[in-house]
Amino acid sequence: MFLSMNWIGDYVDFSGLDKKQLIKNFTLSTAEVEDIYVKGEDTYGVIVAEIASVETHPNSKKLHLLKVNNGKELVDVVCGAPNVRVGMHVAFATEGGCVGGHPINTATVAGFVSHGMCCSKAELGISDDNSGLFEITDDIPLGTDIKTVYDMDDIIFEVDNKSLTNRPDLWGHYGIAREFATITKRPLKPLTLADLTKYDALPEVGVNVKATDLVYRYTALKVQNIQRKESPVNMQIRLFYCGSRPINFLADLTNYVMMELGQPMHAFDNRKVDKIEVQTFPEEFTFKTLDGTDRKIDDKMLMITSGNVPVAIAGVMGGDASKIEDDTDSLLLESATFDGVSVRKTTTRLGLRTDASMRYEKMLDPELCKTATARLLAILLQNDKDVKVVSKFTDAYVRHYETVVIDFDKKFVDRYTGIDITSDAIEDTLTRLGFGVERNGDAFRVTVPSFRATKDVTIKADIIEEITRIYGYDNFEISTSLGALHPVLKEKEQSEEGRMKDILVKSYRMHEVHSYIWSDTAKNRELGIETPENVRIINAQTPEHQYLRVSMIPTLLSFVKENKSYADAYGLFEVGHTVEGLKENGYCLEKKKLGAVFFARRESADVLFMKARDAVLEIVGDILHKDVTFERTDAAFDFEHPANAFSIVVDGNAIGRLSMPYPTVQNAIDKKAAIAFFEISLPAFSALAVSPKKYKEPSKFPAIDIDLTFNALDLSAVRFDDVVKTAKAAAGEVLSDVKMQDIYEGEGATALTVRFSFISAERTLSKQELTPATDAIIAALSAQGLVFKVN
Amino acid sequence: MKEKIEALKLRFEEELKTAATEEAIEALRIAFLGKKGAVAELMTGLRDVADKREAGQLINEFKTAVETELSAAAAALKEAALKAEIRSAKKLNPSLLAKREFGSYHPITLATREVEEVFAGMGFTVEDYAEVVDDYECFEALNIPKHHPARDMQDTYYLENGQLLKTQTSAAQNAIMKKYGAPLRAIFPGRCFRNESTDACHENTFFQMEGMMIDENISISNLIYFMKTMLSEVFKRDIKVRLRPGFFPFVEPGFELDINCLICGGVGCPSCKNSGWLELCPCGMIHPNVLKAGGIDTEKYTGFAFGLGLTRLAMMKYGVKDIRDFNSGNLKSLSQFESL
């Protein structure tokens, strides 16, 4: 919204104050100012002059040679405007002056000397009308500087509409002026209003509010014999500076009042609209609005009708059939308060937001209806003497807001602010802002003004805002809180998540990435992955993103593919949320997971797989101090390799999966490179307690290592964790460690060398005395398919 | 005897000159000091000498001289060998074949850790929360009425089961208040979702960090203090903050917090639209309705809350110009964030 300091200046005396600084203060006390525009600065030396003669240019159809009377003498001017006429009064830029930043000098135009320039409104910057010269119809002596008559010099500032959503009172200049008056501690001047009681004896307008739940107040007034067609120039300038193109006097007038008071008004042509009903219709129908567009009206949209013929969409836009025409001289003026939520819903459904609807959405003060009519009539009468009011001010006030009264005391303010704002300052601020203040020492009872009471100010905390914003946050002394400090411990899952990231980044040189909580069906398709039908987003931007992700892996695989030019080998991981369908209560089964994918061009699949395995071992071992078993399973997802899919099991709990990619997925990424991945569920991981670390006194005696080699029929079936368990059971406590030393995979034979370490806490062992133990191990392992190979 | 010793001395000096290896020196030692060496021979010859005392002394002097010279020669030889070894050692060059291979954290992780550390130091607990929430948590409990525009479909991703993707980290306020009660100091970073089209400045998925402090007599003055302290720590310099009125249904009064522009220092530049200030985070005193919904006694406690755009903070901190880089998975950008 654009606001004019001249307009605000009608109601607050700014004399002696720096207006630009005031606008900055407005940002700090009321709402953020986005931009400041200084108007009129680049135009000066423009006077009122008369065109004394017009001759056509000998070589140009467009140009005219004029003699212009500047009040003192006739000067030669070359002019290209189509509407030049002898006797016309124009805005004439004199030599040495400036128009829109262009200096005016003596110039030769098409062979003729020109001593100045006749200007259009657009050239003067007061309109976008560039169709011809600005014809001055006001009675002004020739030679008068137009700036002494027209308010071209102004400072306009722009406030983001969003920052005013909670302040319906700030949608017009008068409400803004109240803020400035409070900030500057100067009085707010009253509005000039017409006395509507004068017309109480006249007949009422027929107003019938049927939809009383969607209307607060509907008022109407009929006026006749309006002769003026064009708005006063100063009114046009203000409207233009504030972003509204002047149309004609009647349309401008309703806009002007809306921009001054924030109250939208609508003028119906009284020849077509003589009475009013406010209602909704059960059936859908088409209605042509005054912008010439056909709109679909449904059963929830509030309509203004006249004799049940729709004439306007309430609070949004009038109808084409009843709009003001060039020959309109009688009006039915609407000034009403509609329900803000209803108006907003209507605009959303229609896809049509207007200056009026934007204001209604904010919940306007119904008290404004009457003020706006009185204000409009005052301006009308001032500018068109013969206007006749032909009806009573008709007022259907169907719903009232309750008066809001708030009690509080200074202590409450002190506690909320943490500083000392005096009771006098509190009283002064609230009074200036329009609150009714009753004060008894430090105790206050305030009545919220109607223009703040529709939703904005309802509780004590709202009063705090009023007091502090005017006091100025820059003036606050700041202080720490005196509350007791308590030790802060991170939740187990969070600190474990951090450590997982550290391990993958520092030990495995992997890269953390982020993606989205939904599956990307298109990217999955490129990899040959079917996107599982999971919980759906009903308003996803594209159907490709409608299903929430079940696993972290597919996106990571896509990222791996997209990064192939990055390096020969890299790993990616993400910690993010997934949803595994719905729980019994209908809510999403949401799980945070760590997904990690390894990619390498110059490593074998086996080696890379083991690297992924090691990462899992390190995460579990480092954080939980536990061992992991990998249970071979069927593929749980279509991107897992059916022969190489494992469940990651810790203490009997499955906490995730370690797998190789399905061949076609692998090929879609890179036929030659190796890929391996794992995924860990954080809640499952963190549900496991950290095993205590126990110190074991090392034996003072040396260990004896014995390497034994076994033939394995099927290496993939050997579970080394079982080998360790079996050997320990067979050999007893003396066997302290079992390590795999080597694997030999020759033609038709696979051999496995295992190192068994024996140690005693009491004495040095001899090799001979361990023979029974190694024999027992050999016997036990043969049952597991490991046949001792005689060396 | 004396002549004999002199002759031996001369011979020793001659031979020592040509002894260029450890072996030659050892041979010389054996020849002179060995069991059957020249000195031993002299000792044997002592029997036939009249003044045994003088001759013995001369022999001993000779022996000592030989020993000293031999060990000096041996030491010199070792020294020369060591020098030769050093001279001929291969010279290594650390500038060659250097591989910079580090892992990397997501910039959001780094920014989060940094902010978390600052707040942990001020006694704030760090909380985690779901990304899928319900209408009550995201709106109702935050004093956002039924027909508020924030609930519109164009802003919020709704799920078919009636839940939604949280549009703001404030969605965790209610649960955290219920979990801890008052007094309370907590921050909760998290992923948020807004149903909007993306460009260099907009993402539908981004990170915020919410913070709350609730205690007896928490004031606006405290809020400014904590925000200023926290931001100065995060940006590692003294940050000027200013509050402006701002409207958010879950706070009253509500503020927009600006910091002095980090690029121009506050004098005005294109980044701050010449205002000298950058809008950084909405904050305010927690609305009594929100405290009540969280089961907190509003007569006894007040509190403040703030929402920090972590993604924006990371962009400012690291100079990332396109917000879409964060979720791109592109290692050419992301691998640069190796550590804090």
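How far apart do the C-alpha centres of domain 2 of chain A and domain 6 of chain A lie? In this predicted model, the two centres are 109 Å apart.

**Domains**
- Chain A is divided into domain 1 (2–40 + 155–184), domain 2 (44–152), domain 3 (196–397), domain 4 (405–474), domain 5 (492–686) and domain 6 (704–788).
- Chain B is divided into domain 1 (2–87) and domain 2 (107–334).
- Taken over C-alpha atoms, the centres of domain 1 and domain 2 of chain B are separated by 90 Å.

**Contact between the chains**
- On chain A, 69 residues are in contact with 60 residues of chain B.
- Elements that each supply at least two residues to the side of chain A touching chain B include helix H2 (19–29), helix H13 (492–507), helix H15 (553–562), strand E28 (569–582) and strand E29 (588–600) of chain A.
- That side of chain A comprises 30 nonpolar, 22 polar and 17 charged residues.

**Nonpolar cores**
- The largest nonpolar core has 222 residues, and those with the most contacts inside it are Val90(A), Ala91(A), Cys118(A), Cys119(A), Met227(B) and Ile286(B).
- Leaving aside neighbours within four places in sequence, Ile286(B) is in contact with Met212(B), Ile214(B), Phe250(B), Val251(B), Leu291(B), Gly303(B), Phe304(B) and Ala305(B).
- A second, separate core has 55 residues, among them Phe573(A), Val665(A), Ala674(A) and Phe337(B).

**The sheet of chain B**
- E1(B) and strand E4 (residues 184–193) of chain B run parallel and are joined by 2 bridges.
- Within this pair, Val126(B) stands opposite Ile187(B) in E4(B).

**A hairpin in chain A**
- Strand E16 (residues 285–288) and strand E17 (residues 294–297) of chain A run antiparallel and are joined by 4 bridges.
- Thr286(A) stands opposite Lys296(A) in E17(A).
- The hairpin has 5 residues between the strands, and Gly292(A) takes a positive phi near 85 degrees.

**Two residues of chain A**
- Asn225(A) is placed in the loop between strand E13 (215–224) and helix H5 (233–241) of chain A.
- Why is Asn225(A) classed as exposed? Asn225(A) is exposed because 12 other C-beta atoms lie within 10 Å, and a residue with 12 or fewer counts as exposed.
- Not counting residues up to four places away in sequence, Asn225(A) touches Asp329(A), Asp386(A), Val387(A) and Lys388(A).
- The C-alpha atoms of Asn225(A) and Asp128(A) are separated by 30 Å, and the two residues are 97 residues apart along the chain.
- Thr664(A) lies in helix H17 (residues 663–669) of chain A and is partly exposed, with 13 other C-beta atoms within 10 Å.
- Thr664(A) and Ile529(A) are 135 residues apart in sequence, while 9.2 Å separates them in space, C-alpha to C-alpha.

How values were computed:
Residues numbered from 1 in each chain as written. Chains lettered and ligands numbered in written order. Predicted model: local features only at pLDDT ≥ 70, side-chain atom pairs only at ≥ 80, totals over all residues. Contact = placed C-beta atoms within 7 Å. Nonpolar A, V, L, I, M, F, W, Y, C, P; charged D, E, K, R; others polar. Buried ≥ 20, exposed ≤ 12 C-beta atoms within 10 Å, placed from the backbone. Domains from an automatic or database assignment. Core = buried A, V, L, I, M, F, W, Y, C linked by C-beta atoms within 7 Å. Pairing = 2+ DSSP bridges.
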